[in-house]
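Keep the viewer open as you read.

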Amino acid sequence: MARHLVHSPGSFFLLCFHLLLAALVATAQNAPVKVRVGVILDFMSPVGHRRRNGIQMGVEDYYAAHPGSGTRVELHFRDSAGDVLDAASAAVDLIKNTQVQAIIGPTTSAEAEFVARIGDRARVPVLSYSATSPALSAAKTPFFVRAAANDSFQTAPIAAILVAFRWRAAAVLYEDSPYGTDILPALADALQRVGAKIMDRTAVPSDATDARLDAALYHLMAMPTRVFVVHMLYPVPVRLFRRAKMAGMMSEGYVWVATDGVGSFTDMSSPEDVEAMQGVVSLQPYVQMTDAVKNFSARLRARSRRENSSDDGVAGSILMRLWAYDTAWAIAAAAETARVPGPAFQTPERSTRLTDLDRLGVSATGTALLKAVLATTFDGISGRFKLVDGQRQMPGYEVLNIIGKGARTVGFWTPESGISQDLDAGSAREMKQILWPGEPRSTPKGWVVSPNAPMLRVAVLVKRGFKQFVGVSVNSTTGETQVTGYCIDLFDEVMKNLPYPVSYRYVPRDPSLDSYGKIVDQVRDQEADMIVGDVTITASRMTKVDFTMPFTESGWSMVVAVRKDTSPTMWIFVYPLSASLWLASLAFFCFTGFVVWVIEHRINPEFRGTPWQQFGLIFYFAFSTLVFSHKEKLESNLSRFVVIIWVFVVLILTSSYTASLTSMLTVQKLLPRVTDVRELQRRGDFIGYQEGSFVKSSLLEMGFAEDRMRGYNTEEEYADALSRGSANGGVEAMFDEIPYLKLFLSQYCDGYAMLGPIYKTDGFGFVFPRDSPMTGDVSREILTLNEPGKMSKIEKAWFGEPGTCRSQTNSVVGLSSNLSFESFGGLFLVTGVASSLMLLLYLATFAYRERDELRAAEATTASGSISLRRLRAWLQHYDTKDLRSPVFRMNDESVRNGVVETPRNDGTTPFSERISSELEMNTTSSEETPTHEPGTSFEHGGDIAPASAEMETPAASQPH
């Protein structure tokens, strides 16, 4: 039976069939999963076929590097013919009929925007390597992935270039398409961040004729700015620069800065086109020219030549080819990572399906594939491939200067370092030498004065006085109105230094506008474009207009009339110190003497004697420190410390007193008629102010009555009113801002002085409308003028040397010209604390050491209350000598040994008399009563014992 089965022909063929079927099943199970990817290109463009080859090479190179991949990307190409509708139709066909799981392309931003919405609806990821419009984003269409640079990235390097050459304004020429218009908001923001602005925006259609290009160029030629930013795609900018050269706009003085739409396509331009673009500065995303890039370019050229011999001479952007290659590699890597199955679409359940869009299914693998694409990172041939927020990140931009036969690199820009010559960390933060159009020797200014520019109306107030600030006069010969003054010269100098031209004319305002507030309202009401003059910056005015940085001193004060003090006084020596300081000094003199006496009384014989002698010693010792003539020897370290601190205080007091008295005796003194604002209010005197100034309202807020105010306009009126005084139709004080008062005092040096507090304001500033872009520019130029001293030269030209009457003003004697207690409060605090601490320390030590004697003395006191007896006992014991003191011990030993001090004229010595007296009293007291009596008290302190008396201290008598 078995033999029959083996040799049977039918069974043999059946066995072979089963083996073949098993092999086919095993092969099918191990075959890679096909991932269908659609590609939409413009095959009508010369570079369309090369980009197709680049995408194919990206997929092939990925699987050559990863032969064991479980997926295989299958490319399906469609032609958009450069049309938005054809691109959308191709996308619908790929999704509906081919059921692709991802789409690469299309080429332009307009096509990509439409296709991205279709892919978002079908949940098919759309990867674009050439759609750079900022309007396309994952926020609007989550399934759109930009594998190229966002155009908004290059706005920062453009702004950095303008700042590097101090160009503050530019005109923009852009392509009238989503690619061109979508960059404008980001460019405006970037320029605003660096203090620049877009002065004009000119749209150029992608199919513009030469006449249309010429019209746009002549429009720009009539503008004052000469810095032009070009954002167009090849070949429109090439035609633009050809027409610009014919119009003379590629000559000296012009600046052309182009985006990567020019720099990335330079290799596509002919020699004639390069010649027309001489001096243009352009950007290009930075790509390192590695061996892999060179190898890819050579292979791509060879492959394109094999497939189409006519493609050999076609040039194109190498950057776009590299991005297309990396995009194909990324989709292959993402498909392998996601391990997506074959195509699977869910057909929508709808009752009525009118169009192909309605019949589009939803991809079941699109979400997983999109996540894998967004997470894909690798080192591609164009650099690091990494997506953030659905778009590729650029490491930086290369700055190119088109010169000679091509473009040369003059610098780099990175988000971390900004502009630099190289990408090295220590590279210079500037660009290399740039050859501008016309090859000028210096950097172009970037602007010219245009005759067609509107003239700004600069309002100035016609004033009767203080014309050194702003003066308006009429030439009697020509009848021309002339505007002069410090404010005018300063404003003209600022305008000359602005990085852009400003045409303006001065418009004197009617003198009937007697208030600065009224002329400020004209800027708010657009009756004037700006105000130049002595307009003070106040909070109320800043709610209506904008002010520049102040260019004068701030604050306002008062000027009063003064007279020379020629009346001598015999009591001038009292004036240097105020009454409070005199009293404080006297009190501390007495306090310091008392503290020293308390510490020294029991241990120092020089601080003993009759009550009147001791009271006199207290005052004498303290006041003798004024001239450092105290001769009493101090025995206690506590009193020495007190005297050291006090001598330091006395030194400061005497030095200050001497300096103040010397100043009063030698400096010419001027006595003001009034020295304080409160005195003016109390007396009800008339005061003056400058008419039209805000000072009047400030005086009213301070409490001055309006009927006690008088307005004046000129310096002569100021002097006349002050000289006449309030009682004779004038004023006692003139209130005005510091610049006016200084100008007045420079002209009237004798008889007037500025006194009183300075009330703070913000000074003078130029007035502009709210949110005017010129405000910041003018403020910066004011600061620039102030640094090298140019502003000081203008001030000297109009006001002369500063400080003409400064010495006279300093010699005015006011109420606070003498030294007050507040000036020396710290010194008195130090000496008071030191003396008090030493006194307390001495009393605590005395109470502790003499505690037994004090208790015994209290017991012997019979009359009075307990507190009174204790106080009397303490005082009596304190009045006794401390015989343990070295001074008294030494004299006691001298007496015992029969050594007597040198006698005085009457044959006695103070020490011997006091010791003899005390010994006699102690002997008598020991015989009569056991109670203790003080030895030498205020009542028994006289020197009564003869010097020749020799005595012995009884053994039973102990000194206290």
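A salt bridge here is a side-chain nitrogen of Lys or Arg within 4 Å of a carboxyl oxygen of Asp or Glu. By that rule the count comes to 30 salt bridges. Bear in mind that you're looking at a predicted model.

Start with Arg166 and Glu781, whose side chains meet in a salt bridge at 3.6 Å, N to O. Arg166 sits in the loop between α6 (155-164) and β6, while Glu781 belongs to helix α26 (residues 774-786), so this pair ties together parts that are 615 residues apart in sequence.

Arg457 is in strand β20 (residues 456-461) and Asp529 in the loop between α17 (516-524) and β24 (530-531), so to speak a link between distant parts of the chain, 72 residues apart. Both ends get some solvent: Arg457 is partly exposed with a relative accessible area of 26%, and Asp529 is partly exposed with 22%.

Then there's Glu717 with Arg464, whose side chains form a salt bridge of 3.2 Å, N to O. Here helix α24 (residues 715-724) supplies Glu717, and the loop between β20 and β21 (471-474) supplies Arg464; the pair links distant parts of the chain, 253 residues apart. Glu717 counts as partly exposed at 24% relative accessibility, whereas Arg464 is exposed, with a relative accessible area of 57%. Elsewhere, salt bridges with shared partners join Asp210, Asp214, Arg239 and Arg243 into one network.

Now for the strands. Look for an open sheet of 8 strands with mixed pairing, in the order β7-β6-β8-β9-β10-β17-β18-β19. From one strand to the next, the twist averages 30°. Helix α10 (residues 236-246) packs on this sheet, touching β6 (169-175), β7, β8 (227-231) and β9 (255-258), and its direction makes about 150° with that of β8.

Leu586, Phe619, Phe623 and Leu626 make a nonpolar surface patch of about 330 Å². Leu586 lies in helix α19 (residues 579-600) and is partly exposed, with a relative accessible area of 44%. Ala856, in helix α30 (residues 851-860), is also worth a click: this residue is partly exposed at 43% relative accessible area. Its C-alpha atom is separated by 10.0 Å from that of His877, 21 residues apart along the chain.

Finally, zoom out. The protein chain comes to 33 helices and 32 strands. Of its 960 residues, 49% are buried. Among contacts between residues at least 6 apart in sequence, 73% join residues at least 24 apart. The chain exposes about 46,500 Å², with carbon and sulfur atoms supplying 56% of it.

How values were computed
Residues numbered from 1 in each chain as written. Predicted model: local features only at pLDDT ≥ 70, side-chain atom pairs only at ≥ 80, totals over all residues. Heavy atoms only, no water. Pairing = 2+ DSSP bridges. Helix = DSSP H or I, 4+ residues; strand = E, 2+ residues; numbered from the N terminus. Axes fitted to C-alpha atoms, helices over the stretch in contact; angles between N-to-C directions. Contact = heavy atoms within 4.5 Å. Patch = residues over 30% accessible without salt bridge, like charges linked within 9 Å, V, L, I, M, F, W, Y side chains within 5 Å. Areas by Shrake-Rupley, 256 points an atom, 1.4 Å probe, with all protein chains shown as cover. Buried < 20%, exposed > 50% of the residue type's maximum accessible area, 1.4 Å probe, protein only.
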